[in-house]
Amino acid sequence: MNADQVCGLLAEPSRLRTYSAIVLGASTPDQVAGSTGLPAPVVVKALQRLTKGGLIAASRDGFTADEAAFKDAVRESRPERVPLDPDPARDNVLRSFIRDGRLTHFPTFPDKYQIVLEYIVQSFEAGRPYPEAEVNEILNRWHADHAALRRGLVDAKLLDRENSIYVR
């Protein structure tokens, strides 16, 4: 079940109220009707639809909510996560600071800042000379403070600078 299907099942007020009653402990149609104020035929129809949809399960003891259905639906709806780095620890650091191809903020811990800089420097072709204006243009795609990024890359010895020409 995906997120759209879960939302579709709960979009009808009677089903939402029925599901809520089950989550809060009602386990029989009579208990659901009593706690929701819905007529018994409406409750029965909602229970059938929610059971068929997989949000609740029926057993000898009554109805129970499948609370994992929400997590499962979210997981199914997420696009495939492409790692920024093959090393899971480095990937976690990068994901903490990079969103949608942009640096959200500068890491305060030097080790994390180094990982981010090592990732950003891959925007430059090794051995190719870049004039400062082009370096600024590339770094502006990452963050508005291109000067701080440029300084960080040079200080970390990831870019060499001579006469306003930069080389990776």
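Start by selecting threonine 36, which is buried at a relative accessible area of 11%. (Buried means under 20% relative accessible area, exposed means over 50%, and partly exposed is in between, with a 1.4 Å probe and protein chains only.) Threonine 36 belongs to helix 3, residues 29-36. Helices here are DSSP runs of H or I with at least four residues, strands are runs of E with at least two, and both are numbered from the N terminus.

Before you click on, note that this is a predicted model, where local features need pLDDT of at least 70, side-chain atom pairs count only at pLDDT 80 or more, and totals for chains, interfaces and linings use all residues. Residues are numbered from 1 along each chain as its sequence is written, and side-chain values use heavy atoms, with hydrogens and water left out.

**Around threonine 36**

One of its polar atoms lies 2.7 Å from the backbone oxygen of valine 32. On the other hand, look for the backbone nitrogen of leucine 38, which lies 3.2 Å from a polar atom of the threonine 36 side chain. Leaving aside neighbours within four places in sequence, threonine 36 is in contact with Arg17, Thr18, Ala21 and Val43; contact means heavy atoms within 4.5 Å.

**Helix pairs**

Now select helix 2 (residues 13-23) and helix 4 (residues 40-53), whose axes come within 9 Å and cross at roughly 80 degrees. Axes are lines fitted to C-alpha atoms, for helices over the stretch in contact, and angles run from 0 to 180 degrees between N-to-C directions. That makes helix 2 roughly perpendicular to helix 4. (Under 35 degrees counts as roughly parallel, over 145 as roughly antiparallel, 65 to 115 as roughly perpendicular, and the rest as oblique.) Helix 2 brings Ser14, Arg15, Thr18, Tyr19 and Ile22 to the contact, and helix 4 brings Val42, Val43, Ala46, Leu47, Arg49 and Leu50.

Next, pick helix 1 (residues 3-10) and helix 5 (residues 68-77): they pack at an angle of about 135 degrees, with axes 8 Å apart. That makes helix 1 oblique to helix 5. To see the contact, show Ala3, Val6 and Leu10 of helix 1 with Ala69, Phe70, Ala73 and Ser77 of helix 5.

**A hairpin**

Move to strand 1 (residues 56-59) and strand 2 (residues 62-65), which run antiparallel and are joined by 4 bridges. Two strands pair if DSSP finds at least two bridges between them. A hairpin through 2 residues links strand 1 to strand 2, and serine 59 stands opposite glycine 62 in strand 2.

**The largest core**

Select Leu103, Ile120, Phe124, Leu139, Leu149, Leu153 and Leu159: these have the most contacts inside the largest nonpolar core, which has 24 residues. Such a core is a set of buried Ala, Val, Leu, Ile, Met, Phe, Trp, Tyr and Cys residues joined through side-chain atoms within 4.5 Å. Helix 6 (88-97), helix 7 (110-120), helix 8 (132-140) and helix 9 (146-155) each give it two or more residues. Helix 7 provides the largest share, 6 residues. Apart from this core lies another, of 18 residues, with Val6, Leu10, Ala21 and Ala33 among them.

Stay with helix 7 and colour Tyr113, Ile115, Val116, Leu117, Tyr119 and Ile120, which are buried. The buried residues of helix 7 pack against helix 6, strand 3 (98-99), strand 4 (102-103), helix 8 and helix 9. Then zoom in on leucine 139, which touches Ile120, Phe124, His146, Leu149, Arg150 and Leu153, not counting residues up to four places away in sequence.

Select the 3 strands of the open sheet, in the order 5-7-6, with antiparallel pairing. Strand 5 (129-131) and strand 6 (160-162) are at the edges, each with a single partner strand, so one side of each has no neighbour in the sheet. On average, neighbouring strands are turned by 30 degrees against each other, direction ignored. Strand 5 is joined by 3 bridges to strand 7 (residues 165-167), where valine 167 is the bridge partner of proline 129. Helix 8 packs on this sheet, touching strand 5 and strand 7, and its direction makes about 85 degrees with that of strand 5.

**Two last stops**

Most residues other than glycine have a negative phi. Lysine 157, in the loop between helix 9 and strand 6, has a positive phi near 65 degrees and counts as exposed at 69% relative accessibility. Finish at serine 164, in the loop between strand 6 and strand 7: its phi is positive too, near 60 degrees, and at 40% relative accessibility it counts as partly exposed.

Methods:
A polar contact is a pair of N or O atoms within 3.5 Å; within protein, one must be able to donate a hydrogen and the other to accept it, and residues adjacent in sequence count only if both atoms are side-chain atoms.
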